[in-house]
Structure formats: C-alpha cells, structure tokens
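Please have the model open as you read.

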Amino acid sequence: SFADPGTVTAASARRYSRIPYDQVLYEPKMCRTCLIVRPPRSKHCVICNKCVARFDHHCPWLNSCVGERNYRWFLLFLLYHSFLCAYAVYLHGRIVYHLAVDVHRLPEAYYHDAEGKPQPVSYWQCFQYLFLHHNIIMAIGIFTAVIGLALFGFWAYHMYLVYCGTTTNETFKWADLKDELVAQEQRRLALLGEKDTRRVSVDMPDNVYNQGCLGNLSEVLWPPSSHARGDCCPVVKAFPVRPSTGGAA
C-alpha cells in the first residue's frame, strides 16, 4: 500500500524513459498537470494526481496506483490473499466437519417420511441445519471461498497480461485503437460502394513492448527503472501510419 508505484517527476523522468515510444499508443506528450513529458507507458492518475510509470490501474483496495515499481508486489498481494482465503476455507471445513460429525452427529441423523419410515438426512438438509445453527461460521467459509476464487482469477488475468506484455490500461487502448481502425476501414469501404461493411477485419500493429514470456516476467520482477544505469531508448516505428487518436492519454 505504501510502495512507490513509479511516480514520474522532473527529476525521475529520465529513469522511466528507458523504453521506447511505439508511436501507436504512446508518443512524446506533455502532462499539463505535472508539466513534464510523460515517459512511454505512463499515465496521469486523476485520483492520486501524479504521473505513474507503466500505469496499470488505480487500486481502491490499496488506495494507490499499480505501476512499474509496485506491480510485482501487487501480484504477490493477490496470490498471498488467494492462499490465505484457501487456508481459511480449509479451517472452516474442518470446523464444520467437527460440528456435523462430533457435535450434532448428522451422519446418524434421520427423519420420518410420510409413511413413518426413518430416512437418512441428505447433504442439503445437513447444510441447511448447520447454516441455521452456525450461520456465522458457514457464511464466513462461503465468503472466503468466493473471494479466494475471485482473487486467484484476478491474479491469473494479470499473469496473462504479463504474458502478453501489456497492462490493464493498455488493453483499453488497444480496444479503442481497433475500433478506430475498423471505423476507418468501414468508411473506406462505404466510399468504394460496398454495401455490407459490418464485418471488417483489420491488421493490428505489433506490440513492441511484448518481449516474450520470460522477458515480460523479468521486466515485471526487475523493472527497468531499478537498474543502476540505462540510457533512454529511441523511438520505435511500429506502425506506418499513426491514427489521429492513437496517442491517447
């Protein structure tokens, strides 16, 4: 929560400029709030009121941005909490088992049906009985199971983003760029007299920040800004014609 996400200032801007502008999603652009040229992959967070390097998203649970310097800790945060919730589910399972077998002896419980014959209780009836008499324990166990699955799924999603060499913020940028290119192609086909322009496929530019699985993981675990030395990278031309809104904030 208190780790620096990668705050970009006039003094630290060069440290965070060791990766290139791709001229697709990012180009040299002045931040009108911080009055600095934003490094590649950075973004100004309106909540924290600062520019963050390799901006991923603003996390309300951390009350901080997730960026280049704390992204690795954020991944561990998700993974540790997933394991913690799994351990809590295990503990509650043991408690519920003790209550069901040793305290209430539910495996031996039965009820009389309409004909007066004894029938063993079902698992669903046992669950209802335990939830009625031990609702807090049962509710916490279910809650930790749901939260644990959600956190593990969120961690898996971010690991997929690492594999792709992108961030949460950049996924929206790529989606907006694709929509723009599709709209441009539809307008072009309409001018040529094409009637059906709904299904249009476009060639997307390459993601120059994708260095492969190991390279992307290495960049997350050892951010370029943490290296002792490093020069600013040159601009990389990844797309021959840059769209009008490609350099989004």
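## How two helices pack

Helix α1 (residues 71-103) and helix α3 (residues 135-164) have axes that come within 8 Å and cross at roughly 155°. That crossing makes α1 roughly antiparallel to α3 (the term covers angles over 145 degrees). In the contact of α1 with α3, the residues divide into 23 nonpolar, 7 polar and no charged. The crossing of α1 past α3 is left-handed, that is, the near helix is turned anticlockwise from the far one by less than a right angle.

This is a predicted model, in which local features need pLDDT of at least 70 and side-chain atom pairs count only at pLDDT 80 or more, while totals for chains, interfaces and linings use all residues. Residues are numbered from 1 along each chain as its sequence is written, and side-chain values use heavy atoms, with hydrogens and water left out.

## The largest pocket

About 190 Å³ of space lies in the largest pocket. A pocket here is an open set of points on a 1 Å grid where a 1.4 Å probe fits, with protein on both sides within 12 Å along at least five of seven lines; lining residues have an atom within 4 Å of a point.

Which elements give two or more residues to the lining? They are β6 (57-59), α1 and α3, and α1 gives the most, with 4 residues. The lining includes H57, F74, H81 and F154, and its residues divide into 8 nonpolar, 2 polar and no charged.

## A histidine in α3

H158 lies in helix α3. H158 is buried, with a relative accessible area of 0% (buried means under 20%, with a 1.4 Å probe and protein chains only). H158 and F74 are 84 residues apart in sequence and 9.7 Å apart in space, C-alpha to C-alpha.

Note on methods:
Axes are lines fitted to C-alpha atoms, for helices over the stretch in contact, and angles run from 0 to 180 degrees between N-to-C directions. Angles under 35 degrees count as roughly parallel, over 145 as roughly antiparallel, 65 to 115 as roughly perpendicular and the rest as oblique. Ala, Val, Leu, Ile, Met, Phe, Trp, Tyr, Cys and Pro count as nonpolar, Asp, Glu, Lys and Arg as charged, and the others, Gly among them, as polar. Grid points are joined across faces, edges and corners, and a volume is the space filled by probe spheres set on the points. Buried means under 20% relative accessible area, exposed over 50%, partly exposed in between (1.4 Å probe, protein chains only).
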